[in-house]
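User: Could you take me through how the two chains meet? I'd like a close look at that part.

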Amino acid sequence: MNEVKQMLAELEAVCADPKKQLSDALTQGKKCIGVLPYFCPEELAYAAGMQPFGLWGAEMQVNDSKRYYPAFICSLLHTVLEMGLKGMLNDLSGIMVPICCDSLKGFGANWQYGVGTVPVIDVAWAQNRRLDAGTEFTRAQFRKVLGQLEEIAGHSISDADITAAISVYNKNRAALRDFSAAAARHPEAVSPSARCAAIKAGYFMDRAKHTEALQTLTTKLNALPEASWDGLRVVTTGILADSPALLQILEDNHIAIADDQIAQESVFFRVDTPVTDDPVLGMAKRFETIEGCSVLFDPGKQRGNELVELAKAAHADGILWVMTKFCDPEEYDYVPVKRKIDAAGIPLLTVEVDQQMVNYEQARSAVEAFAEMLRA
Amino acid sequence: MTEMTEKKPAKIVLRDLQDKIAQDAWDAKQRGEKVGWCASNFPQEITTAMGIPVVYPENMGAAVGAKGGGQRMCEYAEGMGYSNDLCSYSRINFAYTDLKHCEELEIPFPDFLLCCNNICNCMIKWYENLALELDIPLLLIDIPHLDAKTCDEDRVAYIRAQFDDCIRQLEEITGKKMDYDRLQEVMSISQRSSQAWLRAVGYMSAEPSPFSGFDIFNNMAVACVGRGTVEAAEAFEQLADEYEALVKEGQSTFKGEEKYRILFEGIACWSNLKFTYKTLQSRGINLTASVYGPAFSFLYSNLDELMAAYSYVPNSMCFESELKLRVDDAIRNKVDGAVFHMNRSCKHWSGNLYEMERQFREQTGVPTIVFDGDQSDPRCFSEAQYETRVDALTEIMEERKKEAAK
Ligand code: SF4
Ligand code: SF4
């Protein structure tokens, strides 16, 4: 148990100081590429021997970013921009910016004119992701990204390099799935914050090293004796569920995370990249099967069906929707997806979170009331 | 009386045409034909050529806002669980979908949905919800935001494939066949309308401008949705002729002296249209530049260019092209200042607005203001803030005029 604690603490330390990971990579002579959510082809940067560095915002107050974005843009983008404007991300050699929500579409220009020093790599992928032409468009656009990465890296990137990088990422995804399952079996050993940190650390570390750490951790978790858990189990959904205050509130209320449909967590690792002759085609084809994310075209709201299935499979007591404030894709999804959850008779709690939030009293009361209701 | 003066003014012709387009959809529905709800910048060439009636929820949102129903409908949608953060057009539409009634304006309910995200991705989420709610097919033409000044070949090929797929699906849904000769014809009529529209708005460069620039907000609805019809082409030609005649006479439909000329950036605040207009007009300020002028022209000469043209709409172009469009328009139309609408509804439009305003000011050298508002939710607009900022702008424009006169 102590070893598990120790390992989780190490991964929590990575998340507490991502900048250290960045400096370590730079010291090793690696270039680093910032990667904004969602679904950017970071494997290509990895294939070039560069280190992808996830940019999911930070718990901080913003000031300078308000000269670019109005207040009603999500804190994820505000805080990443703020870090850029403050020069905290100057060590990056580029930043991948997708266009899959309206707030992201404005990010590239704000970054370019505000930060300037770190070049923007535009990433487009097809929303009509089940049309062959959509897959082909994504493939072609990812090839374009590859070209830009080659320029930054200063050397070409072969298909063999890409295939190897995809394999590293698929192994990482498998390790993350195994870890998530083990964490669900051992809520007594893996708190919500520890679970989140173990997953999130991968965005800042070398993926291969992250895989090793997770595999060892999972083996140790699996070796623990079966423990009884008299707390509650929920499935989370949303963009991010990494707010330390919220995760602490869950822990305080004996709520474990049985599974998730969080963009930063399982949505990243639930589906592997298929192996194809043209490895970039496989990366594009992956979009044909991913579900559960509000920035993906989802005409039947399969997200709701998947969420209900996840909750049932995990024998969860309820679903916790961690709503990122000012995130319109999530806010649109909320009504129809909630309806599906309600129809399945699964209790749902929605908590609005913002990385600049300091007062969590309302969230605490809501979680307490939800937990009480579930226990009744 | 000459034949010219007996004619209805183009403004009325355009309004009647808009009413006719709406009525045609009702009549078609009555006859049992399939009717669609359609995103405003969906390639209208497809539906016009196939003779498929469609209506535009965004236009309904604007009209409901203008007629005073915006807040009520938005609040109803919020009661359904929709955040007040979301585009007010969509909130009005969700409310209407649920209530099946709206006292300000009603549109026939759809049998299918035509979505296009060149203006925003919120459109996708909005239409996904409608498709589920109404249990009807949703056809999406995904037009990815441009990352360069021109639309690349990958995008053209992707849009083209979706165009073909959409036609195939529409044929299945409606039982109507696409006639490709007719499509060519609609394309050339659309070009005729676009040219006439460009000529009409081009007269804004005259001093004084022959019309009150707020008219653009009303006329662009037809420019956007009806331009594939001969009636629209003729109406825009008439409009351009009327403006030309006014320019020759040095006349204008703008009430009062045109002391200052401005660019107005963004969607109109429909719920506060009168106030936003009066505040400017009473100070002698006329709108002589708007992105709705040049940006709604959709110029092309073949199908591939048509695909690309749908990427060159406001909100879909890269920042540099968006900026150039405004700066060129402002310079050509000799503006003295600019008013930027920070629209609470529209995240993409607002996401670069501060930078747009800064660079616009630097490149044109004219003073600018930004005000907070919303196209159809009056709760986001403050009369006091708007008035104070317009006053500040007027003061600077006045000072500059005095300086220039010295
Ligand atoms: S999807 Fe939501 S949280 Fe993510 S960048 Fe867009 S608005 Fe922000
Ligand atoms: S106002 Fe903005 S968000 Fe709303 S439909 Fe138009 S472009 Fe989209």
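Analyst: Happy to! This is a predicted model, where local features need pLDDT of at least 70 and side-chain atom pairs 80 or more, while totals for chains, interfaces and linings use all residues. Residues are numbered from 1 along each chain as written, chains are lettered from A and ligands numbered from 1 in written order, and side-chain values use heavy atoms, without hydrogens and water.

Chain A puts 50 residues into the contact and chain B puts in 47 (heavy atoms within 4.5 Å). Between them, the two chains bury about 4100 Å² (accessible area lost on being put together, 1.4 Å probe, summed over both), and 58% of that lies on carbon and sulfur atoms. On the chain A side, Phe72(A), Lys105(A) and Tyr332(A) provide 19% of the area buried against chain B, more than any other three residues do.

Charged side chains take part as well: five salt bridges are counted between chain A and chain B (a side-chain nitrogen of Lys or Arg within 4 Å of a carboxyl oxygen of Asp or Glu).
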